[in-house]
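Dear colleague,

I am handing over the structure below for your files. My notes on what was found in it follow.

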Amino acid sequence: MDDHPGGDEVLLSATGKDATNDFEDVGHSDSAREDMDKYYIEDIDMSTVPLKRAYSPTQEAAYNPDKTPEFIIKILQFLVQHYTKEK
Ligand code: HEM
């Protein structure tokens with residue numbers, strides 16, 4: 001951990017899961033890839049790795065762009081005001 005040029009914090013943040021994407025995202029050099037051979041212990045039993053949880057957005061009411069009811073109410077209000085003034 002102390003020998004990792006990227007520091008120990010990033011390694012700790014990638015523990016308990018498959019860190020392949022974390023490793024690849026950094027764009028490690030070829031020599032870093034070669035270094036991995038030095039630290040290779042064994043293949044991971046993938047059945048013990050927590051499954052990736054799919055992102056599920058909270059169900060929000062869909063925005064209703066249909067303003068027809070509001071529009072009709074405005075016209076009715078206008079008509080009521082108009083005719084009650086004249087009479
Ligand atoms: C056994 C696995 C790993 C080895 C052997 C390794 C090795 C190295 C080496 C040699 C460097 C120096 C730059 C280079 O040569 O690419 C480096 C940088 C770095 N590594 Fe790793 N690394 C490992 C895993 C990880 C993981 C899992 C992460 C992320 C969680 C990570 C994050 C970083 C970061 C952020 C840097 C600094 C990059 C920069 O500032 O340019 N490394 N690593």
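**Notes on the model**

Phe 23 is found in helix α2, where helices (H or I, at least four residues) and strands (E, at least two) are DSSP runs numbered from the N terminus. The model is a predicted one: local features need pLDDT of at least 70, side-chain atom pairs count only at pLDDT 80 or more, and totals for chains, interfaces and linings use all residues. Residues are numbered from 1 along each chain as its sequence is written.

As for confidence, the chain has a mean pLDDT of 86, with 92% of its residues at 70 or more; pLDDT is the predictor's confidence in each residue, from 0 to 100. The scores for the model are ipTM 0.85 and pTM 0.63.

The chain has 4 helices and 0 strands, in the order α-α-α-α from the N terminus on. Of its 87 residues, 0% count as buried. A residue is buried if 20 or more other C-beta atoms lie within 10 Å of its own, exposed if 12 or fewer, and partly exposed in between, with C-beta atoms placed from the backbone.

- Phe 23 counts as partly exposed because it has 17 C-beta neighbours inside 10 Å.
- Ile 44 sits in the loop between α3 and α4 (68-86). It is exposed, because 9 other C-beta atoms lie within 10 Å. From Ile 44 to Asp 18 the C-alpha distance is 9.0 Å, at 26 residues apart in sequence.
- Pro 5 belongs to the segment before α1. Its 8 C-beta neighbours inside 10 Å are why Pro 5 counts as exposed. The C-alpha atoms of Pro 5 and Ala 32 are separated by 9.6 Å, with the residues 27 apart along the chain.

Now the ligand. There are 18 residues around it, and Gly 6, Ala 14, Asp 22, Ser 29 and Ala 32 come nearest. A residue is near a molecule if its C-beta atom, placed from the backbone, lies within 6 Å of it. At least two residues of this shell come from each of α1 (8-13), α2 (20-26) and α3 (30-39). The largest share, 5 residues, is from α3.

By class, the shell has 10 nonpolar, 6 polar and 2 charged residues. Here Ala, Val, Leu, Ile, Met, Phe, Trp, Tyr, Cys and Pro count as nonpolar, Asp, Glu, Lys and Arg as charged, and the others, Gly among them, as polar.

Regards
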